[in-house]
Amino acid sequence: MPLRRLDLLGIERALADWRSGHPRPLVDLSRLEHFDAYGLLMLVLEGSRCAESGGALRLLLPEDPQVRAGLERSGVLPLLDDRTWANAPLRGDGDVPLVAVVRTEAEEAVTDLVDKLSALLRARFPFGERSTHLLSLAMLELMQNVPQHANPKGAPFDPCGLCALQELEDHVHLVVADKGIGLLGSLRRNARYRRLDHASALEAVLVDGASRFERPGRGGALRRIRQLVLRDDGEFCVRTGRGAFYQREVEWTVGRVALYPGVQISVRLPRRLFQNSSRR
Amino acid sequence: MDMQGGRRFRLSSYGARLGTRLEGGRVRADLLREFAGLPPGGALVVDLAGMEVLSGSFSDEALVEAVAWLLEDGPPERYLWVAAPSLETAEDLGARLTARKLALLALVGRERTPRVLGHLPPYLQSAWKLVQERGALTSRELAEALGVSVQGAAVRLAELERLRLVALERETRAMGGTQNRAVALRP
């Protein structure tokens with residue numbers, strides 16, 4: 001089935017299609033109308049999963065020239081596994097990327113990556129200093145979680161940590177994603193949380209501030225980022241394992257979704273915040 | 001008590017955005033080295049000027065862990081302060097200290113009087129404020145001011161000293177014996 005949306009809202013349908021074709025799913029983007037940073041990073045993660053299983057993604061690229069150009073300028077195509085097949089050459093060049101995508105491989109590299117992405121934000125939104133700082137803070141916290149949590153025992157697989165920043169008409173979108181052991185896997189390293197399931201792990205981490213650390217009060221960065229994002233009228237979404245957490249304004253919900261490895265986090269902040277530092 | 005042998009530790013020399021636990025661990029090692037050279041009564045002031053972003057993870061690893069070490073294993077009569085250009089700069093640090101039920105003396109902006117960043121129970125807050133206002137207080141004076149027992153006041157002062165939020169000086173009483181006097185710490 002051709003996908004019309006490859007984004008936060010449409011990803012569950014896409015994942016169901018990809019699962020049935022694993023490890024050589026046909027990703028039909030020929031009718032694609034809309035994509036976002038979240039959908040793109042899931043595509044890269046899926047490509048990496050397929051390659052690890054001895055397969056490869058098979059891509060039908062968008063027919064709409066504007067959507068196709070957007071995808072090419074996103075910076076995401078060069079991150080797809082080399083074995084990816086596509087019905088046309090995969091071009092990843094572009095002068096002004098809609099999406100800045102980076103791989104987060106080692107903790108030592110995180111600050112440099114954040115510095116580069118922050119410079120991109122500062123150049124784009126010179127009057128949005130406060131919100132740029134908030135996104136920099138979120139990037140620092142979320143990106144370091146990949147080397148610290150996604151594969152803490154150095155198992156022979158690539159957690160494929162990715163970070164994307166996307167500027168849209170009404171909001172700025174930050175996504176940090178990996179396909180590592182997930183929140184539950186990380187939390188279970190702390191004996192207090194061995195009996196949790198995916199959904200309750202999400203609540204424990206995001207609402208109660210639970211962490212892998214034995215000493216009470218350590219960790220809790222995800223909860224803090226969630227609080228800061230909400231304070232600025234943003235949206236916060238985390239998907240991990242079989243659970244998904246979504247919050248907008250004061251209401252939050254935790255739902256059950258199809259199993260997918262790792263942690264994928266979406267932070268959306270209103271664009272107006274980046275245009276005037278004093279507005280909240 | 002004016003800080004003797006105070007040293008300034010500028011975080012911005014490590015970068016304007018500090019966020020990872022790895023960086024935090026390195027900075028803490030440097031902080032503890034600086035601490036080792038402080039004389040009795042000396043203070044190390046961690047200066048946040050020039051910082052754009054200071055993450056909670058970094059703060060936890062570098063500063064909150066340093067405070068925990070100071071209280072558990074650190075040399076006596078040495079003090080750790082933080083100087084922040086604005087309360088917002090120190091916000092995440094304050095949240096982390098609160099989560100760990102720890103506290104740190106802070107100078108914010110151009111304020112000349114210190115405040116406590118992090119967690120300080122109300123019964124200790126009132127005692128700490130009185131010591132700050134009056135400059136120095138014995139247990140008896142504090143007991144009279146708060147309307148609590150002398151023993152209760154002594155416990156409050158001892159706890160504030162353990163948290164490195166006041167200094168305790170032992171003095172001889174006119175009628176014999178000794179008593180402790182809590183002295184406010186000044187930048």
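Q: Which residue takes a positive phi in the hairpin of β6(B) and β7(B)?

A: In this predicted model, the residue is Gly109(B), with a phi near 60°, in a hairpin that has 6 residues between the strands. Helices (H or I, at least four residues) and strands (E, at least two) are DSSP runs numbered from the N terminus. Residues are numbered from 1 along each chain as its sequence is written, chains are lettered from A and ligands numbered from 1 in the order in which they are written. Local features need pLDDT of at least 70, side-chain atom pairs count only at pLDDT 80 or more, and totals for chains, interfaces and linings use all residues, while side-chain values use heavy atoms, with hydrogens and water left out.

Q: How many bridges join β6(B) to β7(B)?

A: Strands of a sheet pair through backbone hydrogen bonds, either parallel or antiparallel. Two strands count as paired if DSSP finds at least two bridges between them. Here β6(B) and β7(B) run antiparallel and are joined by 4 bridges; Ala106(B) has Arg115(B) in β7(B) as its bridge partner.

Q: In what order do the strands of the open sheet of chain B stand?

A: The order of the 5 strands is β1-β3-β5-β6-β7, with mixed pairing. β1 (7-10) and β7 (115-118) of chain B are the edge strands, each pairing on one side only. Strands β3 (residues 43-47) and β5 (residues 79-84) of chain B run parallel, joined by 5 bridges, and Val46(B) stands opposite Val82(B) in β5(B).

Q: Which strands does α2(B) lie across?

A: Axes are lines fitted to C-alpha atoms, for helices over the stretch in contact (heavy atoms within 4.5 Å), and angles run from 0 to 180 degrees between N-to-C directions. α2(B) lies across β3, β5 and β6 (103-108) of chain B, at about 155° to β5(B).

Q: What area do chain B and chain A bury between them?

A: The size of an interface is often given as the accessible area lost when the parts come together. With a 1.4 Å probe and the loss summed over both parts, chain B and chain A bury about 2,000 Å², 42% of it on carbon and sulfur atoms. The contact involves 25 residues of chain B and 28 residues of chain A.

Q: How many salt bridges are there between chain B and chain A?

A: A salt bridge places a side-chain nitrogen of Lys or Arg within 4 Å of a carboxyl oxygen of Asp or Glu. The count between chain B and chain A is 10. One of them joins Arg215(A) to Glu65(B), with the closest N and O atoms 3.5 Å apart.

Notes
Buried area = accessible area lost by both parts, 1.4 Å probe.
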